[in-house]
Number of protein chains: 2
Amino acid sequence: VSVVAVAADSDFPLANIPFGVVATSDGRERVATIVGDVVVDLAALHRAGLLPPALPDGVFDTRALNRFMALGPSATHAVRTRVAELLGADGDLDAVRAALLEREAVAPRLPFQVGDYVDFYSSLEHATNMGRILRPGTEPLPENWRHLPVGYHGRAGTVVVSGTPVTRPNGQRRGEGGAVDAGPSRRLDFELEVGFVIGPASTRGRRVKTVDAAQHVFGFVLVNDWSARDVQAFEYQPLGPFLGKSFATSISPWVVTLDALRPYFVAPPVQEPPVEPYLRTDEPWAIDLELEVDIAPRGKTATTVTRTNFASMYWTAPQQLAHLTVNGATVRTGDLCASGTVSGAAPGSRGSLMEATWGGTDPLPLADGTTRTFLEDGDEVVMRGWCGGGRGTPRVGFGDVRGAVVPAPPLTSAP
Amino acid sequence: VSVVAVAADSDFPLANIPFGVVATSDGRERVATIVGDVVVDLAALHRAGLLPPALPDGVFDTRALNRFMALGPSATHAVRTRVAELLGADGDLDAVRAALLEREAVAPRLPFQVGDYVDFYSSLEHATNMGRILRPGTEPLPENWRHLPVGYHGRAGTVVVSGTPVTRPNGQRRGEGGAVDAGPSRRLDFELEVGFVIGPASTRGRRVKTVDAAQHVFGFVLVNDWSARDVQAFEYQPLGPFLGKSFATSISPWVVTLDALRPYFVAPPVQEPPVEPYLRTDEPWAIDLELEVDIAPRGKTATTVTRTNFASMYWTAPQQLAHLTVNGATVRTGDLCASGTVSGAAPGSRGSLMEATWGGTDPLPLADGTTRTFLEDGDEVVMRGWCGGGRGTPRVGFGDVRGAVVPAPPLTSAP
C-alpha cells in the first residue's frame, strides 16, 4: 500500500522502486524513481533532507545514474528502503508532495552514461535457430558455445532511450541477383534482450568471481538490439557484427535493481558439459521474467508477435561478468551487458523476426491484415517485461522499450 | 628555431605541437604540449592570458582533451599557431617560463576519454597474411574486404596510455593436444596500428561525407592492439574478437594533429574494384609515416623486429569515418578509430608476431641470443612513428607507445 495510487497491474509498485533520469518541460534533468504513475524527483527529496544522510551532495541532481550506481549495493538498498518508507502506508504525503511529478509531465532520458556496451549470445534456442537459418546442414551451435558465453562489443555511443525514433540504416548488402550495392537495409529486425548495468567498477587485472557479481550489478533494463540482417550478413566475416548493429540500441528508461528482482531468481538450465571453474556458480541467477514484443504499424492496432521468458537463458549475468573480466579487463560504472536475443523453443517465443519468419521465408500475420518478414517504415516495436503479479507475488515490471522506424535518408552519390 | 632547445632528431619540433595530458608529482593533471624535451602547461599559458581569448575557461585545466577537441579545427589551429609564436624565434622565454615543465618531471596520462573504440582491418598485406595463416588453401581475403573497410568495436574501457604494464590475459584456449582449458595465453602478440581521434561529434542519422572528414578528425596516435592469438582463435566465431583483444590497448601519449601531418599526406593505393560512391575520395589521405617495433626482453638490448610505413594502407581515415556513419551511427568526441595492423609486403615489415613468425612456425632471433614466436613475460614492446626528417622536411613524430608484459595472475579454481 502506498500514499500514491498504484494500480494492481502497475509495473511500479513499492516493491520495485527502479531508477531513471527524467527531464521536466524546462529541460532540467534529475534522477528519479517511479511509483504507480507518479514520478518521484530524488534530487528534490535529497535537497529536502529526506534521504539517507551519507549520500554525496548532488548525486541525484544530474543527468545520469552513474555517480549513484558507483556507490554500490548498500547505497541502492538504503535509498530504496527510505523511498518505500516515505511513500508507504505509514508515509507522509505532505512531506514528499513537492517531489512528485506526473508521469506525463516528464520525458525519460537515457538513464546512465554507457561505458562499454557488450552484447552476449546466451540463448541456446536463439544460437541454434541462427545456426540452422544461416548455416543449414551443418552443426548449428559453434563449438565454443557451451564452453563460454560468446559475445562481442557493440557501439556504446548509439544506445538510446525508449521512444527515440530509429532511422533505417543504409549500408552495403547483397540484392536478389547477388550483386552488392549500398542503400537502405531491406531486412531490418529487432532483437529482444535483457541487459545488466554495472555499478561499482572492477580492478584492472583482477577478474570478478561469480560469487562477487552482486557487488557489481546495479540492475537490469530491457534492450532492443536493432539489427540490419542484410548489412550484417555481408560484413560480419571475419570480425563480427558492426554496422548491421551499430546504428541504434534502445533501452527501457527505468533500471530495475538487482534487489527488486531477487525474489524472481530461479535455477538456470543445467550446463553440459560442465564449465570451467571460473564460470561455475551455484546461485540461481536465471530470472523468471515474462517478455513480450508487439509490432504496431503506424496508426494501426498492435500485434503481439513474441511471448517468451528470460529464465531459459543458458548463461547468466555472473557467468557473463566473470568471463568478461577473466582476461584482466575492467568493467566500469555504466557498462551495459546485454543477454543476446531471448528465444524460447516454441515458434511464438522467438525473439527476432529473423527467427520468427525463419530467415524471411515464413511471413508473420499482423492484426491489420498485413504480414511482415522484416520491419517496414512506420512500424513501432514495443517490448515489455515483468516478473510476478500472478500467484501472490507483487508484479515488478520494466515498463516498455519502444521505437518506431523512420525511413533511411537518401544515399546521394556525392562522396 | 625555438626559444627552447630542440634536437635535430626530436619528434617534437615547433612544426608538431601535439596535445596530451600530463600529471605533476602532486597528482594535478592538465592539458599540455611538448617542444623538444620541454612540456608546456597549456592551462598555465591560458591562465596567464597568453592563448587566444575565445577559448572557454578551464578548457586545459582538466584531465582529458575532450573539451578542447570538441571545439574543432579552428581552435586547434589557433592554439598551435599561438604556441608556435610564443616559443618561436621571436618568442619571449620569460613570458612562458612559468608554464614550462621538464619532460622527466611529469607523467603522461591517457590523453582523452575514449568514447567508442573501433578497430579496422585496413592493410591489404595484413589481411592477406592472416587469411593465409589461418585459412591455408582458401582465398585469403574475405569477399567483403575490397568493398568496405572491415572493422569491429573493441573495448574502450581498457585503452591505456603508453608505459602502463600489460598483464598477460587468462582465457580459454586449445592446447597442443586439442583440449580446451582456461589459463594464461600462450600466444601473446602485439599489433602495430595508427589510430585517429574524433574531435567534433557527428549528427545522429547523418553520415559524414569523405570530404568532411577533416571537420571531425582531431589527430592521430600510435596504437598497440595487444592480442592473445590462442584466446582469439577459440572465441571469434561467429561474433568476432572479444577477450583475445579486450584486456589492453596501448596508445601514445601525444595526439599529433591533422594539421601537423598534412605535409606528409600522399596518395593511397588505387582501389580496384572501384568503391561505392559514399566511400570515394580524391584527397590523398594516406600518410607517409615510418613505423618501427622493438622487442626488449627485461634488462636486455632491444631488437627492432618490424620496419614499415603507414602509406600502404588500402583504406584511409575519411573512408573509415564515412563507412562508420553511413548507417546513421554517430561518432562522438573521443572516439578512437584504429587502422588495423600495419604490415608491408616484405618479411621484415609485418606488424604482428603472428605474421612475422608465420603463425609461430618461424621464430624471430633477438639481439640477446634468444628467439621469439610470441611474447614472453618481461618483454617490453616499443613502437615508434615519425614523418619526414630526411629531405628538407621537418621531422614530425609520435614519440613512442610502450608496454611491458607482466605474468598472468593464477586462475584459482574457486569460482
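**Stop 1: a loop residue.** Select A:Thr316. This residue sits in the loop between strand S21 (303-309) and H9 of chain A. Helices (H or I, at least four residues) and strands (E, at least two) are DSSP runs, numbered from the N terminus. A:Thr316 counts as buried, at 5% relative accessibility. Buried means under 20% relative accessible area, exposed over 50%, and partly exposed in between (1.4 Å probe, protein chains only). Now show what surrounds A:Thr316. Leaving aside neighbours within four places in sequence, A:Thr316 is in contact with A:Pro268, A:Thr281, A:Trp285 and A:Ala286. Contact means heavy atoms within 4.5 Å.

Before moving on, a word on the model. This is a predicted model, in which local features need pLDDT of at least 70 and side-chain atom pairs count only at pLDDT 80 or more, while totals for chains, interfaces and linings use all residues. Residues are numbered from 1 along each chain as its sequence is written, chains are lettered from A and ligands numbered from 1 in the order in which they are written, and side-chain values use heavy atoms, with hydrogens and water left out.

**Stop 2: helix H9 of chain A.** Select residues 317-325 of chain A. Nine of the nine residues of this helix are buried, so H9 is largely enclosed by the rest of the structure. Among them are A:Ala317, A:Gln320, A:His323 and A:Thr325. Which elements do the buried residues of H9(A) pack against? In chain A, they pack against strand S6 (117-120), strand S13 (192-198), strand S14 (217-224) and strand S22 (336-338). From chain B comes helix H7 (243-246).

**Stop 3: strand S6 of chain A.** Pick A:Val118, which lies in strand S6. A:Val118 counts as buried, at 1% relative accessibility. The C-alpha atoms of A:Val118 and A:Cys337 are separated by 4.7 Å, yet the two are 219 residues apart along the chain. Not counting residues up to four places away in sequence, A:Val118 touches residues of chain A including A:Tyr152, A:Leu324 and A:Cys337. A:Val118 also touches B:Arg155 and B:Phe242.

**Stop 4: a link along chain A.** Select A:Arg395 and A:Asp11. They form a salt bridge, with the closest N and O atoms 2.8 Å apart. A salt bridge is a side-chain nitrogen of Lys or Arg within 4 Å of a carboxyl oxygen of Asp or Glu. A:Arg395 lies in the loop between strand S25 (380-387) and strand S26 (396-406), and A:Asp11 in the segment before strand S1 (20-23), so the pair ties together parts that are 384 residues apart in sequence. A:Arg395 is partly exposed at 22% relative accessibility. A:Asp11 is buried, with a relative accessible area of 13%.

**Stop 5: a link between chains.** Select A:Glu143 and B:Arg174. This salt bridge brings the closest N and O atoms to 2.8 Å apart. A:Glu143 lies in the loop between helix H5 (124-134) and strand S7 (151-154) of chain A, and B:Arg174 in strand S10 (residues 170-174) of chain B, so the pair joins two chains. Is A:Glu143 buried or exposed? A:Glu143 is exposed, with a relative accessible area of 58%. B:Arg174 is partly exposed, at 36%.

**Stop 6: a salt-bridge network.** Select A:Arg28, A:Arg30, A:Asp41, A:Arg47 and A:Asp61. These residues are linked in a network of salt bridges. How many salt bridges does the structure hold over all chains? The count is 54.

**Stop 7: helix H5 of chain B.** Select residues 124-134 of chain B. Eight of the eleven residues are buried, so H5 is largely enclosed by the rest of the structure. Among the buried ones are B:Leu124, B:Asn129 and B:Ile133. The buried residues of H5(B) pack against helix H6 (229-235) and helix H10 (353-356) of chain B.

**Last stop: the whole of chain A.** Zoom out. Chain A has ten helices and 26 strands. Its C-alpha trace spans about 70 × 50 × 50 Å along the principal axes. Of the 415 residues in chain A, 62% are buried. Among contacts in chain A with a separation of 6 or more, 72% join residues 24 or more positions apart.
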